[in-house]
Amino acid sequence: MSNLAWTVERVLPETIADLVELIAIPSISSMEEHDGDVLVAADHVANLLTRTGCPEVRTLQAGGKPAVYGHFPAPEGKPTVLLYAHYDVQPTGDPAAWTSHAFTPEEREGRIYARGAADDKGGIAVHLAALRVFNGAPPVGVKIFIEGEEEIGSPSMPALLEKYADELSADVYVIADAVNWAVGEPSLTTTLRGVVDATVHVSTLQTGLHSGQFGGVVPDALTSLCRLLATLHDERGNVAIEGLAQSSGPDLEYPLDRLTDETGILDGVEFIGDGPVVERMWTKPAASVLAIDTTRIADASNTLIPSASAKVSVRLAPGQDPVLAEEALRHHLEMNAPWGAKVRVEPGQRGGPSTIALDGEYAQAAKDAFQQAFGVAPVEMGCGGSIPIVAEFVDRHPDATVLVTAVTDPDSRMHGIDESVDMGDLAKAAVAETLLLHNLGR
């Protein structure tokens with residue numbers, strides 16, 4: 001173990017330099033103006049894999065953003081491990097709110113701050129470090145699969161998995177895209193929520209009207225939209241959409257004071273929902289309003305607004321069929337329109353939830369690897385986020401072992417301002433993955 005850990009330490013500076021280069025590419029998959037950057041990032045990932053000594057590196061496509069694929073053939077009698085991460089990232093939000101430029105990585109107090117440092121270019125760095133340790137000859141077969149559309153729900157993934165079924169088959173899948181229990185305390189994720197979203201368009205008028213002349217009689221679209229969005233939750237903040245599944249959570253305590261510290265919730269603001277925190281975050285549905293399109297305040301006049309739109313996202317509990325959830329959301333929005341307002345629902349992304357079993361010798365090898373690398377046993381926990389590829393791998397390869405690992409921690413602020421990754425945990429995650437490959441080769 002000490003020799004492998006020392007070797008990881010030796011390759012880490014080069015790997016961090018690779019991470020910094022990759023972060024600097026603004027590969028925002030949801031914004032058309034960054035389509036070119038997405039392609040540049042894919043090419044860069046391919047070059048990084050080639051530099052690890054990977055004998056086969058190529059691009060896989062099935063109508064969406066390109067995925068990068070690498071393959072080290074398995075030594076005779078050894079299993080094949082597929083290492084997954086994604087190179088696309090979320091938009092930055094308000095650039096002025098960042099302490100440093102979102103795409104210029106900066107190290108502060110042992111953390112690297114930048115968009116994608118944690119989610120999920122840090123996961124790519126972990127894979128690169130583990131591959132470098134073995135100098136082109138890992139002890140097991142290794143396939144590397146780095147996709148470019150996870151942040152938009154992996155819409156082309158089913159087609160890609162069909163088209164490249166042989167390339168993407170494996171005995172063990174390592175998905176480096178979740179979150180650890182805490183800094184210095186690793187996790188293996190056992191449940192993931194799914195997701196559906198939709199844009200709801202509300203109209204009440206053919207054209208805007210003078211608010212003084214007709215206000216009080218004619219409903220405006222924005223007020224109607226607000227009342228409709230308010231029906232997504234009950235008074236306690238529980239999701240009020242009928243027909244959505246929920247399940248019990250693990251026997252883990254998530255103290256409210258920890259939740260307060262991690263979220264930065266303002267003084268006096270209450271947490272919503274009923275039941276244990278881990279259930280509300282991991283095994284119950286959650287509904288959020290992500291955006292509203294309407295007149296800007298700067299452009300406002302005394303006019304009744306004729307139409308307005310909002311994007312709604314619903315996280316799905318393990319066991320939920322996402323097709324049925326999408327229909328439940330549509331039905332709820334159409335049936336709760338106030339004052340006869342006209343509602344049109346435009347479906348968006350859809351991804352299934354996952355339940356991951358951690359049994360068998362391969363899962364035990366992973367637990368042992370993380371125990372050795374971090375010095376503490378990994379916490380088996382849920383994750384409130386969605387990784388659609390996990391459900392795809394679980395469903396398509398029921399005999400394989402799927403491991404959802406992490407390089408991030410609750411302070412990483414994935415998708416938020418000042419996203420960051422802890423460099424100590426990045427190193428430990430690389431050691432753990434190296435040990436896992438070593439253990440599986442034995």
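**Close-up views of a predicted model**

**View 1. Lining of the second largest pocket.** In this predicted model, the lining of the second largest pocket is made up, by class, of eight nonpolar, five polar and three charged residues. The space in this pocket is about 220 Å³. It is lined by 16 residues, and Pro158, Arg350, Gly351, Gly352 and Glu392 are the closest to its centre. At least two lining residues come from each of helix H4 (157-163), strand S14 (342-351) and helix H11 (388-396). H11 contributes the most, with five residues.

**View 2. A tilted aromatic pair, tyrosine 84 and phenylalanine 145.** The whole structure contains five aromatic pairs. In this one, the ring centres of tyrosine 84 and phenylalanine 145 are 6.1 Å apart, with 50° between the planes, and the pair is tilted. Tyrosine 84 belongs to strand S3 (residues 80-86) and phenylalanine 145 to strand S6 (residues 141-147); the two are 61 residues apart, and the pair links distant parts of the chain. Both tyrosine 84 and phenylalanine 145 are buried.

**View 3. A stacked aromatic pair, phenylalanine 370 and phenylalanine 374.** The pair counts as stacked because the ring planes of phenylalanine 370 and phenylalanine 374 meet at 20°, with the centres 6.2 Å apart; the cut-off for stacked is under 30 degrees. Both residues are in helix H10 (residues 361-374), four residues apart, which is about one turn of the helix. Phenylalanine 370 is buried, as is phenylalanine 374.

**View 4. A ring cluster and charges over rings.** Trp181, Tyr254 and Trp282 are linked into a cluster by ring pairs. The charged end of arginine 258 lies over the ring of tyrosine 254, 4.4 Å from its centre. Arginine 108 has its charged end over the ring of tyrosine 113, 3.9 Å from the ring centre.

How values were computed: Residues numbered from 1 in each chain as written. Predicted model: local features only at pLDDT ≥ 70, side-chain atom pairs only at ≥ 80, totals over all residues. Heavy atoms only, no water. 1 Å grid on protein atoms, 1.4 Å probe; cavity = no way out; pocket = protein on both sides within 12 Å on 5 of 7 lines; lining within 4 Å. Points joined across faces, edges and corners; volume = space filled by probe spheres on them. Nonpolar A, V, L, I, M, F, W, Y, C, P; charged D, E, K, R; others polar. Phe/Tyr/Trp six-rings, centres within 6.5 Å; stacked < 30°, edge-to-face > 60°. Buried < 20%, exposed > 50% of the residue type's maximum accessible area, 1.4 Å probe, protein only. Lys NZ or Arg CZ within 6 Å of the ring centre and 35° of its normal.
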